Protein chains: 2
Amino acid sequence: MLDLTTENITENVQIANSSCSDRRVRYLFERLVVHLHDLVREPRLSTEEWMAAIEFLTKVGQTCTDTRQEFILLSDILGVSLLVDAIDHPKPKGSTEGTVLGPFHTHEAEDVTNGANISTDPQGKPLLVICKVRNLAGQPIENARIDVWETDSKGFYDDGNFWFKAIVPVPYPIPSDGPVGKILGTLNRHCYRPSHMHFMFDHPVYDPLITALYLKNDPYETSDAVFGVKSTLVVELKTVQDKGIAEQYGVDVGCALINYEFVLVTKQEAIDMRYRNAEAAMKAQGKQMQYINGLPVPDID
Amino acid sequence: MLDLTTENITENVQIANSSCSDRRVRYLFERLVVHLHDLVREPRLSTEEWMAAIEFLTKVGQTCTDTRQEFILLSDILGVSLLVDAIDHPKPKGSTEGTVLGPFHTHEAEDVTNGANISTDPQGKPLLVICKVRNLAGQPIENARIDVWETDSKGFYDDGNFWFKAIVPVPYPIPSDGPVGKILGTLNRHCYRPSHMHFMFDHPVYDPLITALYLKNDPYETSDAVFGVKSTLVVELKTVQDKGIAEQYGVDVGCALINYEFVLVTKQEAIDMRYRNAEAAMKAQGKQMQYINGLPVPDID
């Protein structure tokens, strides 16, 4: 490990890391070193630029508190959070797609406060949300645990159907007073998320689904700061027109209405899909896969 | 920018970043997003692993203080610091190679304290260091500003020659009580740097040289925790045998001795080499280069 040059330094760092006994960690560091070095080598990163990156990362770390996670925010605005979720919770055709939680949902305490504030906002426009929960075969799913953010507490769930009263969501900015907000400025990007409502489904048989519904024609529909919008999750805001329906749910005629059917995949379906995707990803790297604890490593490394 | 999948998310993040007006920043983020996404996609990074990475980076940031830079330490142990230095200060054949400063030299105040402690260490073995400073044509370089760490203050410089009395350097560990030390443990790596002595040369005509001399046969000669050793910088520890030399420099016969000739490259030579290397790196990416403020960007991006 002498005479390290811009060309052979990568191989030498790999050798230094090669006696790590955890094969998965070893593989992750092998990939990290390859990409980190290429990221420096390709654009001929200068010392000044690298020091600016070091200072930026330091500030990101030091902006984190018990209620703010600036590194997750950074991950969000670079599309990494969405990517990790898509890999971890693959969705076959016909099932409801997942999406990012967004920066306000990393700490339960804040969620509650946030939701509570919004739901009691006297400016809020009342909204009725009526949903179904099905599996890929179209059968209703019972006993799912459902968490919804930005609603009040009056929710009902029965036999694969649930409904609740909330307020029509509005766009909001992600925290932009820290180093990540500054980067968004440098990149000439805005810091807004389109109007949306989060849903989380938990069930013994089904893969957890973390998703959100977005309102059609929102000004930020195609430019979400954290890349969360998917067209299958965009819903049209309707209005309650039937007097019987209005009475049944205790809202006024003319109240805003969202109807949606969520389709969950079983844990086994998700496991099978992750395996197939991992195999394909490893093949694309020219490697045979070994699968350890549900995660891939190269067969020979 | 809808229907983001594991495959098209990268392109969509690139589009979002594409209106950044600084071409160099735009190019760096383009490369960052490509490599960051590949780093997640290739090994099918799990949510749990990504959260562990987020927590690790947060701890690294929060370990940084006015006198400790844990992100530089992380950069050091991953070979990135050495790589950035090699790119920024390319050395043609025949010139003295540069190397990393190492984690103890990021803050002047600490350097002084560190150096002072070592030089007054009564356990230290006296060392005489006699050096020349030349250019590639073999001509002595006058008026270079030279900084040496781990020595006392009695240094002399004249007409391309300098000498000073110091103590024989010993191996030392990099800070290992933080998150980076933990990573070294996970990777089954030690935290030691081989015995060395830092030199920094500054001159109006010559490219700054930051380098170090390493002692031959040091136990960590081939496993420096921060990848700083280069064979051309490894020196044999000799002893002063001539009584005349001993008297001339005010040391005892038998005192440890290092002789070394440093060869500097001109700023213009370094500029030309950086340009050629940047052009080659861009060509390897299949791109034509445009050179702005001494740094490359793709001609069409």
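Biologist: In which sense do β1(A) and strand β11 of chain A pair?
Modeller: This is a predicted model. In it, nine bridges join β1(A) to strand β11 (residues 256-264) of chain A. One of the residues involved is Ile130(A), whose bridge partner in β11(A) is Asn259(A). The sense of the pairing between β1(A) and β11(A) is parallel.

Biologist: Which residue of β4(A) is the bridge partner of Ile130(A)?
Modeller: Strand β4 (residues 161-167) of chain A pairs with β1(A) over seven bridges, in the antiparallel sense. In β4(A), the partner of Ile130(A) is Trp163(A).

Biologist: How many of the 10 residues of strand β1 of chain A are buried?
Modeller: Strand β1 covers residues 126-135 of chain A and is largely enclosed by the rest of the structure.

Biologist: How much area do chain B and chain A bury between them?
Modeller: The contact takes 77 residues from chain B and 77 residues from chain A. Of the buried area, 69% is on carbon and sulfur atoms. The total is about 7,200 Å².

Biologist: Which element gives the most to the side of chain B that touches chain A?
Modeller: Across the interface there are four salt bridges, including one between Glu49(B) and Arg24(A) at 2.8 Å, N to O. Elements that give two or more residues to this side of chain B include α1, α2 and α3. With 15 residues, the one that gives the most is α2(B).

Note on methods
Residues are numbered from 1 along each chain as its sequence is written. Chains are lettered from A and ligands numbered from 1 in the order in which they are written. This is a predicted model: local features need pLDDT of at least 70, side-chain atom pairs count only at pLDDT 80 or more; totals for chains, interfaces and linings use all residues. Side-chain values use heavy atoms; hydrogens and water are left out. Buried means under 20% relative accessible area, exposed over 50%, partly exposed in between (1.4 Å probe, protein chains only). Helices (H or I, at least four residues) and strands (E, at least two) are DSSP runs, numbered from the N terminus. Two strands pair if DSSP finds at least two bridges between them. Contact means heavy atoms within 4.5 Å. Buried area is the accessible area (1.4 Å probe) that two parts lose on being put together, summed over both. A salt bridge is a side-chain nitrogen of Lys or Arg within 4 Å of a carboxyl oxygen of Asp or Glu.
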